[in-house]
Structure formats: C-alpha cells, structure tokens
Amino acid sequence: MTNRDRALALMVAITPPDRWGEKCVAWVESRDAECGKDAKDGFLCVRHATVAKNRWEKQQAKRLSLIHISEP
C-alpha cells in the first residue's frame, strides 16, 4: 500500500496500522466497531475512502487559510 493509502486510512481509523488487513479499517461510531467491509481503495471501502478524502480536503483548505492569515 502507498503512503496516500495510509494517510487516508489514518483520517478515519482508530486502530494502529500494524493491525490493518484486507478489511476496511474505518471506525463506525454508531456500531462502536470497525467497518469490516472488503477494502477496495487501499485500506478502506469505497464509502470510507470518500469520507477520508473529504476530510483530507477540508483539512488542507483549513491549513491554507491559516497560512494566509499568518502571512504579513
């Protein structure tokens, strides 16, 4: 798996990477458990890959806005 796959999984997982396998590692709050569907995009199922990508994009936008605020 790539660094991108790991980075996206870290956006939605709570288990450490050394315990990740072939199933989606995203944490589902309502079930208090990992998703467990077959991983299709790195370590995540399609749904949770989309969630992770959206969180990544929001985080990047927030970082960019903070950089612009701190510039003189």
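Reply: Here is a walk from the charged pairs to the core, and then on to the cysteines and a couple of loop residues.

This is a predicted model, so local features need pLDDT of at least 70 and side-chain atom pairs count only at pLDDT 80 or more, while totals for chains, interfaces and linings use all residues. Numbering runs from 1 along each chain as its sequence is written, and side-chain values use heavy atoms, with hydrogens and water left out.

Let's begin with the charges. A search of the whole structure turns up 4 salt bridges (a side-chain nitrogen of Lys or Arg within 4 Å of a carboxyl oxygen of Asp or Glu). How exposed are the two partners? For this we use relative accessible area (buried is under 20%, exposed is over 50%, partly exposed is in between, with a 1.4 Å probe and protein chains only). Asp 5 is buried at 11%, whereas Arg 4 is partly exposed at 42%.

Arg 4 also has a salt bridge to Asp 41, with the closest N and O atoms 3.5 Å apart. Asp 41 sits in the loop between strand 2 (33-34) and helix 2 (46-70), while Arg 4 is in helix 1, so this pair ties together parts that are 37 residues apart in sequence. (Helices and strands here are DSSP runs, numbered from the N terminus: H or I with at least four residues for helices, E with at least two for strands.) Asp 41 itself counts as partly exposed, with 21% relative accessibility. Now bring in Lys 53: a network of salt bridges links Arg 4, Asp 5, Asp 41 and Lys 53.

Stay with Asp 5 for a moment, because it is a charged residue that counts as buried, at 11%. Asp 5 belongs to helix 1. If you skip the neighbours within four places in sequence, Asp 5 is in contact with Asp 41, Gly 42 and Phe 43 (contact means heavy atoms within 4.5 Å).

Elsewhere, Lys 23 and Asp 38 form a salt bridge, and their closest N and O atoms are 2.6 Å apart. Lys 23 is in the loop between helix 1 and strand 1 and Asp 38 is in the loop between strand 2 and helix 2, so two parts 15 residues apart in sequence are tied together. Lys 23 is partly exposed at 43%, and Asp 38 is partly exposed at 42%.

Now for the packing. In soluble globular proteins, nonpolar side chains tend to be buried together. Which residues touch the most other members of the largest nonpolar core? Among its 16 residues, that is Val 25 and Leu 44. (A nonpolar core is a set of buried Ala, Val, Leu, Ile, Met, Phe, Trp, Tyr and Cys residues joined through side-chain atoms within 4.5 Å.) Two or more residues of this core come from helix 1 and from helix 2, with helix 1 giving the largest share, 4 residues. Leaving out neighbours within four places, the contacts of Leu 44 include Leu 8, Val 12, Cys 24, Val 25 and Ala 52.

His 48 is buried, at 12%. Not counting residues up to four places away in sequence, His 48 touches Val 12, Cys 24, Ala 26, Val 28 and Cys 35.

So what about those cysteines? The disulfide count comes to 0 (a disulfide needs two cysteine sulfur atoms within 2.5 Å). Cys 24 is buried at 1% relative accessibility, and Cys 35 is buried at 10%.

Finally, two loop residues. Pro 17 is in the loop between helix 1 (3-12) and strand 1 (27-28), and counts as partly exposed at 45%. Pro 17 and Arg 6 are 11 residues apart in sequence, and their C-alpha atoms are 7.8 Å apart. Asp 32 lies in the loop between strand 1 and strand 2, and is exposed at 58%. Most residues other than glycine have a negative phi. Asp 32 is not a glycine, yet its phi is positive, at about 55°.
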